[in-house]
Amino acid sequence: MTTMVVLSTYILVVTLSLCVVEGFAFTTTTIRPHKSTSYAYNSALLSSSTEEDKSPYALLFDCDGVIIETEELHRLAYNAAFKEFNLQIENEPVEWTVEYYDILQNTVGGGKNKMFYHFRETKRAFPTSEDGKPAPTTPEDEQDLVDRLQALKTNLYKDLIAEKAQARPGVLELMDEALENDNIRVGVCSASTKEAVTKVLDVTLGEERRNQLDVCILGDDVSRLKPDPMIYETAAMKLGIDPARCVVIEDSIVGLKAAKGAGMRCIITYTTSTESEDFYGIGADAKVPELGSRGVNLDMIFPLKDEILVGVKD
């Protein structure tokens with residue numbers, strides 16, 4: 001009887017030991033496999049000696065405006081869809097100017113939400129469409145019009161991406177550095193639709209780099225879009241990482257609010273459309289015009305301290 005107890009205890013200890021072998025975890029999230037049995041740190045991480053700093057960090061990228069400066073392509077695609085549907089309000093064609101779209105992208109997350117905001121809040125009227133078809137009068141008809149507009153806009157946008165997509169300077173270099181580091185989890189979190197973002201990622205990241213991402217949360221995957229923090233909270237949950245150990249790279253007020261609402265650090269890479277925004281006033285941890293222009297690398301971000309991008313941020 002004593003022998004059986006000892007044997008059972010031995011089997012239990014061995015089983016539990018296997019479960020805590022470095023790199024093994026009970027999770028439904030697919031994490032890229034480690035390249036060795038020990039974590040590979042960059043020079044800054046090697047200098048860290050605490051167990052806390054050996055826990056994984058996460059670097060999460062927004063897509064539009066961060067990986068690629070796409071907002072003007074979105075605007076052109078929306079206007080092309082509005083024209084195709086012959087949208088008119090009080091006999092005036094629906095068209096979004098550069099200045100107005102700058103307001104939209106810093107106010108509302110998601111394409112359908114932008115259209116609803118425009119019709120309900122800015123114009124306070126839905127348009128006639130398709131050669132005189134009356135404006136929708138029920139929530140169901142309003143939703144149907146917006147859904148059909150979004151579907152056409154997405155197809156037009158994908159065509160523009162195929163012709164003009166190019167990653168912003170420094171983004172791919174930072175992403176590759178993070179992907180090479182076993183202590184950094186890497187993800188993309190975008191409020192755009194899966195169909196639209198997939199095309200952008202295919203063109204700008206390439207299949208090999210995209211397949212290495214530890215998490216990819218898109219607008220279709222969450223019920224509340226930025227500035228709500230749900231998309232980043234979901235990413236942290238799937239990765240099993242404390243939000244306080246996550247750093248988000250965003251380009252807009254909407255994205256910044258989402259990141260800070262999730263309890264994460266946030267670096268802003270502003271564009272000409274967003275450079276005048278008061279990012280620090282809303283809680284940004286750092287802002288730069290482009291990652292490449294300031295030579296941003298992992299050593300400037302991790303391990304996390306009170307300040308990040310010291311000496312290079314605006």
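Where does P227 lie? P227 is found in the loop between β5 and α10, in a predicted model for which local features need pLDDT of at least 70 and side-chain atom pairs count only at pLDDT 80 or more, whereas totals for chains, interfaces and linings use all residues. Residues are numbered from 1 along each chain as its sequence is written, and side-chain values use heavy atoms, with hydrogens and water left out. Helices (H or I, at least four residues) and strands (E, at least two) are DSSP runs, numbered from the N terminus.

The peptide bond that joins K226 and P227 is cis, with an omega of about 15°. The buried residues of α10 are M230, I231, Y232, T234, A235, A236 and L239. Among the elements that cover them are the strands β1 (57-61), β4 (184-189), β5 (215-217) and β6 (246-250), together with helix α11 (253-261), where contact means heavy atoms within 4.5 Å. Just after α10, G240 takes a positive phi of about 70°.

Six strands form an open sheet with parallel pairing, in the order β5-β4-β1-β6-β7-β8, and two strands pair if DSSP finds at least two bridges between them. At the edges stand β5 and β8 (286-288), each with a single partner strand, so one side of each is left without a neighbour in the sheet. On average, neighbouring strands of this sheet are turned by 20° against each other, direction ignored; axes are lines fitted to C-alpha atoms, for helices over the stretch in contact, and angles run from 0 to 180 degrees between N-to-C directions. Strand β7 (residues 265-269) runs parallel to β8 and is joined to it by three bridges, and I268 has K287 in β8 as its bridge partner.

Helix α7 (residues 171-179) packs on this sheet, where it touches β1, β4 and β6, and its direction makes about 155° with that of β1. Helix α11 lies across β6 and β7 and runs at about 165° to β7.

Another helix pair is α3 (residues 71-84) and α6 (residues 139-164), whose axes come within 8 Å and cross at roughly 135°. The two helices are therefore oblique to each other, since angles under 35 degrees count as roughly parallel, over 145 as roughly antiparallel, 65 to 115 as roughly perpendicular and the rest as oblique. Residues of α3 in this contact include L73, L76, Y78 and F82, and those of α6 include L149, L152, L156 and I161. The residues of the contact divide into 13 nonpolar, two polar and three charged, where Ala, Val, Leu, Ile, Met, Phe, Trp, Tyr, Cys and Pro count as nonpolar, Asp, Glu, Lys and Arg as charged, and the others, Gly among them, as polar.

Some backbone details remain. Most residues other than glycine have a negative phi, and most peptide bonds are trans. N86, in the loop between α3 and β2 (88-89), has a positive phi of about 55° although it is not a glycine, and N86 counts as partly exposed at 27% relative accessibility. N91, in the loop between β2 and β3 (92-93), has a positive phi near 65° and is exposed, with a relative accessible area of 69%. In the segment after β8 lies P303, which a cis peptide bond with an omega of about -5° joins to F302.

Terms used. Buried means under 20% relative accessible area, exposed over 50%, partly exposed in between (1.4 Å probe, protein chains only).
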